[in-house]
Amino acid sequence: MKQRNIAVCIILSIITCGIYGMYWFVTMTNEANLLSGRQGYTTGGVSLLLTIITCNIYGLYWAYKMGEKIDAANQLRGLPNGNSGVLYLILELVFPVAGYALMQNEINKMIGMQPPTYMPQ
């Protein structure tokens with residue numbers, strides 16, 4: 001896992017006509033799974049495939065679940081958390097890139113921190 005520059009991710013997504021955005025989607029999902037200790041959840045590749053197949057209907061569910069995973073990861077590290085799932089769901093409907101940026105910002109904060117000593121399965 002590595003911290004990503006959000007502005008660079010957005011610019012690369014625009015320059016590559018969304019191809020980098022798909023890679024960003026997959027890596028964010030996988031990193032959120034690792035940080036939250038929820039390894040049994042859907043991987044980034046499967047989430048992307050389901051989002052494409054369902055014409056982004058699964059993407060709405062994905063955004064909500066990403067909020068739950070990020071909140072769980074924050075809680076494991078003793079950071080304040082809220083109900084991010086609702087925020088990400090609304091942003092996925094209105095302006096998805098803003099939601100991706102907020103998710104990546106939260107992931108970046110946690111990557112630099114000491115991992116928790118106990119990760120529930």
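## Ser-36 and its helix

Ser-36 belongs to helix H2, which covers residues 19–36; helices here are DSSP runs of H or I with at least four residues, strands are runs of E with at least two, and both are numbered from the N terminus. This is a predicted model, where local features need pLDDT of at least 70 and side-chain atom pairs count only at pLDDT 80 or more, while totals for chains, interfaces and linings use all residues. Residues are numbered from 1 along each chain as its sequence is written, and side-chain values use heavy atoms, with hydrogens and water left out.

Is Ser-36 buried or exposed? Its relative accessibility is 3%, so Ser-36 counts as buried (buried is under 20% relative accessible area, exposed over 50%, partly exposed in between, with a 1.4 Å probe and protein chains only). A polar atom of the Ser-36 side chain lies 3.3 Å from the backbone oxygen of Asn-33.

## Aromatic pairs

The structure holds six aromatic pairs. Rings of Phe, Tyr and Trp (its six-membered ring) pair if their centres lie within 6.5 Å; planes under 30 degrees apart count as stacked, over 60 as edge-to-face and the rest as tilted. One of the pairs joins Tyr-20 and Tyr-23, tilted at 50 degrees between the planes and 5.5 Å centre to centre. These two tyrosines are three residues apart in H2, so about one helical turn separates Tyr-20 from Tyr-23. Tyr-23 is partly exposed, at 42% relative accessible area.

Trp-24 and Tyr-100 form an edge-to-face pair, because their planes stand at 90 degrees, with ring centres 5.6 Å apart. Trp-24 sits in H2 and Tyr-100 in helix H6 (residues 96–111), so this pair ties together parts 76 residues apart in sequence. Trp-24 is buried at 1% relative accessibility, and Tyr-100 is buried too, at 14%. Ring pairs link Trp-24, Phe-25, Trp-62 and Tyr-100 into a cluster.

## How H2 meets H4

Two packed helices are described by the angle between their axes and the distance between the axes. H2 and helix H4 (residues 57–76) pack at about 40 degrees with axes 8 Å apart; axes are lines fitted to C-alpha atoms, for helices over the stretch in contact, and angles run from 0 to 180 degrees between N-to-C directions. That makes H2 oblique to H4 (under 35 degrees is roughly parallel, over 145 roughly antiparallel, 65 to 115 roughly perpendicular, and the rest oblique).

Which residues meet here? On the H2 side they include Phe-25, Met-28 and Ser-36, and on the H4 side Trp-62, Met-66 and Leu-76 are among them; contact means heavy atoms within 4.5 Å.

Terms used: Polar contact = N/O pair within 3.5 Å; in protein donor to acceptor, adjacent residues only side chain to side chain.
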